Number of protein chains: 4
Amino acid sequence: MPSTYLYELKMKVRDYECDLQGIVNNANYQHYTEHTRHEFLLEQGISFADLHARGIDAVVARITMQFKQPLRSKDEFASCMNVRKEGFKYVFLQDIYRLPERTLCNRAKVEIVCLVDGRLTRGVAELDALVPPETRS
Amino acid sequence: MPSTYLYELKMKVRDYECDLQGIVNNANYQHYTEHTRHEFLLEQGISFADLHARGIDAVVARITMQFKQPLRSKDEFASCMNVRKEGFKYVFLQDIYRLPERTLCNRAKVEIVCLVDGRLTRGVAELDALVPPETRS
Amino acid sequence: MPSTYLYELKMKVRDYECDLQGIVNNANYQHYTEHTRHEFLLEQGISFADLHARGIDAVVARITMQFKQPLRSKDEFASCMNVRKEGFKYVFLQDIYRLPERTLCNRAKVEIVCLVDGRLTRGVAELDALVPPETRS
Amino acid sequence: MPSTYLYELKMKVRDYECDLQGIVNNANYQHYTEHTRHEFLLEQGISFADLHARGIDAVVARITMQFKQPLRSKDEFASCMNVRKEGFKYVFLQDIYRLPERTLCNRAKVEIVCLVDGRLTRGVAELDALVPPETRS
């Protein structure tokens with residue numbers, strides 16, 4: 001488990017995210033991790049919607065997600081992330097912890113590539129600037 | 001209850017649409033009715049996405065929805081609609097029936113207006129053409 | 001427009017809630033208003049999930065929703081509500097305002113009834129206690 | 001690419017599943033693959049909801065998902081699956097192809113375990129029966 005994260009967002013389960021098993025439906029963890037990445041970008045002055053309007057689309061190429069413990073109605077959680085660059089890819093390592101005891105609930109590795117006008121690129125400067133230098137490969 | 005509908009789409013509940021009460025979450029009826037309208041339009045050769053690309057946005061101004069009987073996991077249903085024009089508005093009357101016994105589950109009245117480049121219009125010709133003549137007011 | 005609300009929840013649009021028109025998909029306003037009601041209940045010590053586990057289901061019988069202005073990516077908003085009792089029904093009046101300028105975006109009237117073990121009731125005491133006395137009819 | 005699948009379900013993109021990039025939001029592929037598994041189970045006479053009611057929860061432990069090509073508004077697709085057993089896990093290999101040309105859009109490996117009354121088990125007989133004998137490890 002990483003000792004520090006680049007960004008952390010506190011969220012709370014919404015009842016409509018729970019399914020008939022009484023736990024958060026799996027697809028919502030993708031929503032949580034996406035929202036966390038977008039909020040991180042916004043904090044850095046980068047908007048996913050504005051990028052799209054300029055012809056730049058950051059798209060997910062691959063996700064690996066481990067479901068450790070389910071989140072349930074009323075749970076609060078911290079959605080945490082780090083990011084590094086690997087070749088063309090931005091690799092986000094994202095952990096979701098139930099609060100207040102910080103139990104690891106979900107661990108995701110999300111690999112993102114940049115399309116400019118629909119073509120794969122090496123990435124864009126404003127996203128590169130977000131990656132901590134020591135993690136660039 | 002109308003004896004006939006202009007369009008009818010058969011669908012089936014997906015488990016992720018059910019919430020912790022074991023019934024379809026209310027917001028999904030908006031999804032069902034939206035999907036039904038878009039499929040109706042497509043059948044008439046009109047694409048919601050293409051309209052948007054041309055600067056024409058059909059937007060919902062008002063919805064009234066009555067929840068009669070809940071749909072549950074495994075249920076199949078018929079999503080039925082009629083449409084008429086009232087002034088600037090396209091008024092969709094949409095009923096959802098559980099199959100095979102055709103129990104009325106949801107009844108919606110959806111009022112839609114057309115924005116062209118963001119401005120309210122009297123409607124557009126290709127949508128007007130879909131409205132049965134005897135229902136135009 | 002009411003001058004005061006019983007409860008107000010600040011939220012923020014998540015990008016996955018926006019559709020191909022670039023605006024929040026209509027069904028999400030039902031999600032927002034549902035989440036607001038459940039958070040209000042929780043603040044009063046009442047859990048929707050716990051009610052369900054005890055055989056009490058608060059279900060929406062009818063919704064009327066006016067879409068005034070669309071919410072978009074990055075928008076923050078206040079989801080506000082009042083509640084009154086009308087016969088068997090709990091009637092929630094819910095307004096969503098875009099912040100910081102407090103533009104009215106969505107206005108909903110949500111009528112809720114209580115089922116106990118699947119049968120319609122006059123309501124339950126713990127919900128009745130939430131309704132301001134002067135609004136009981 | 002497998003030459004045959006145990007089960008295949010034809011579906012169609014719904015517009016509300018598309019996000020502001022105009023493509024199906026990633027989380028919906030989890031929905032598509034989940035719905036496909038549940039329909040496969042139903043066809044075999046096994047209901048996810050009924051299993052839950054009996055205290056048996058099939059839960060996803062891990063997902064790996066590759067996003068090859070985006071699905072868009074109006075696309076039809078085939079959601080295909082195979083399943084094998086690996087120790088305690090049911091491993092679903094799931095491919096989504098855009099129709100009619102059968103372009104691979106999404107490839108998922110979904111690892112599922114069975115909880116009985118909340119405790120991890122070796123699996124349950126009725127699910128074991130679904131796994132082709134030659135794939136059991």
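Helix H1(A) is largely enclosed by the rest of the structure, because 15 of its 17 residues are buried. Here a residue is buried if 20 or more other C-beta atoms, placed from the backbone, lie within 10 Å of its own, exposed if 12 or fewer do, and partly exposed in between. Helices (H or I, at least four residues) and strands (E, at least two) are DSSP runs, numbered from the N terminus.

Two remarks on conventions. This is a predicted model, in which local features need pLDDT of at least 70 and side-chain atom pairs count only at pLDDT 80 or more, while totals for chains, interfaces and linings use all residues. Residues are numbered from 1 along each chain as its sequence is written, and chains are lettered from A and ligands numbered from 1 in the order in which they are written.

To return to the helix, H1(A) covers residues 27-43 and reaches 25 Å from its first C-alpha to its last, close to the 24 Å expected at 1.5 Å a residue; the expected span is 1.5 Å times one less than the number of residues. Just after H1(A), Gly45(A) adopts a positive phi of about 85 degrees.

In chain D, H1(D) likewise has 17 residues and a reach of 25 Å, close to the expected 24 Å. Of the 17 residues of H1(D), 15 are buried, so this helix too is largely enclosed by the rest of the structure.

I now turn to the contact of chain D with chain A. How many residues does each chain give to the contact? Chain D gives 19 residues and chain A gives 19 residues, where two residues are in contact if their C-beta atoms, placed from the backbone, lie within 7 Å. On the side of chain D, the elements that give two or more residues are H1 (27-43), H2 (48-53) and S2 (56-67). The largest share, 10 residues, comes from S2(D). By class, this side of chain D has 9 nonpolar, 7 polar and 3 charged residues; Ala, Val, Leu, Ile, Met, Phe, Trp, Tyr, Cys and Pro count as nonpolar, Asp, Glu, Lys and Arg as charged, and the others, Gly among them, as polar.

Strand S2 of chain A and S2(D) run antiparallel and are joined by 5 bridges; two strands pair if DSSP finds at least two bridges between them. Ile63(A) has Met65(D) in S2(D) as its bridge partner.

Next, the symmetry. Two copies of a chain are related by a rotation about an axis and a shift along it.
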